[in-house]
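Dear colleague,

Please find below the structure that I am handing over to you. My findings follow directly after it.

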Amino acid sequence: MPGESRAGYRHRRAGETTADHDKIVDLTFALHRSRFIGRLRAAIERKMTPVAVIPFPNRKVSKTIAKKELGLLEEAYPHAVTALTYRNPFELLVAVILSAQCTDARVNLTTPALFAAYPTPKALAAARSSDVERLIQSCGFFRTKAKNIIAAARALVETHAGRVPEAREDLEALPGVGRKTASVVLSVAFGEAAFAVDTHVFRVAHRLGLTVGTTPLAVERDVTALLPESQWRFAHHWLILHGRAICKAQRPLCDRCPVQQICPSAPIVAKMRAGRANPGAAGAEARRRSRAPAKASKG
Ligand code: SF4
């Protein structure tokens, strides 16, 4: 009979017909299922609850303050270099393409096997997509990235004699290479004055009030205008490292930040934290009050 074999529901009570028993079994399972689905829904909703976004100050600080902020970051990150592991411009180019939507640490775990299998642009240009995909699949968007690095390698072989070009326009003409990737390759591999704007740089520059630009190019223009060209390639690393270690997207560690005293976002973060703390306190107080009359009636 249906339900008779289900563990834990095998025993019929005295006087219970088989049909009754089956009905009870089915209802019990339906109840378990609905509770499970309810808990699942709650968990999904909890996960999907949007984290409060910390608004940017949306105003520029004075040039004096901006330069002071950058000076403090320079002091905090004096030996800033890229976290990507590479041995030549070709490997750096590939690593930067792979780093889109992926951490540098993950890229560094991925590239040794990739470069062992395809050590030169010529070797990568002749690779099969599926083989490359298998090697880089732990990086996000690995199918697109595999297609791009193979196509970029082909372009290097066909147009640049297997070498990574040193001109921005040539770099940006390669598949999978935009302004940010070109800037990283120019500044890191060739020591050129270039300032790449990624998500960390964009966020930290806004929080510090160095810019109100809404595009990476606008942010690049605002920040580079504050610095001599010789510092552009280092400033990129100061902001990235600061964004990763201290000025995190959702929980900036203002208490540990060397620019806290002059950062226009520090009061915004403090206010939001205070706002988040109060609803909890208010809730606890409300719960205490709601229990109070019940206790009083006992007496
Ligand atoms: S004070 Fe806070 S918001 Fe400002 S840069 Fe430092 S961590 Fe970021």
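I begin with histidine 79, which counts as exposed because it has 7 C-beta neighbours inside 10 Å, and a residue with 12 or fewer falls in that class. Please bear in mind throughout that this is a predicted model. Histidine 79 is placed in the loop between α2 (63-76) and α3. Its C-alpha atom is separated by 8.8 Å from that of phenylalanine 234, although the two are 155 residues apart along the chain.

As to the overall architecture, the chain has 13 helices and zero strands. Of its 299 residues, 30% count as buried. Among contacts between residues at least 6 apart in sequence, 58% join residues at least 24 apart.

The largest nonpolar core comprises 61 residues, of which Leu93, Ile149, Val185 and Ala205 touch the most other members. Helix α3 (residues 89-98) gives the most to this core, contributing eight residues. With neighbours within four places in sequence left aside, isoleucine 149 is in contact with Val94, Ile97, Leu124, Val132 and Gly176.

Finally, I turn to the ligand. Which residues are the closest to the ligand? They are Cys247, Cys254, Cys257, Cys263 and Ser265, from a total of 14 residues that surround the ligand. By class, this shell consists of eleven nonpolar residues, two polar residues and one charged residue.

Yours sincerely

Note on methods
Residues numbered from 1 in each chain as written. Predicted model: local features only at pLDDT ≥ 70, side-chain atom pairs only at ≥ 80, totals over all residues. Near = placed C-beta within 6 Å. Nonpolar A, V, L, I, M, F, W, Y, C, P; charged D, E, K, R; others polar. Core = buried A, V, L, I, M, F, W, Y, C linked by C-beta atoms within 7 Å. Buried ≥ 20, exposed ≤ 12 C-beta atoms within 10 Å, placed from the backbone. Helix = DSSP H or I, 4+ residues; strand = E, 2+ residues; numbered from the N terminus. Contact = placed C-beta atoms within 7 Å.
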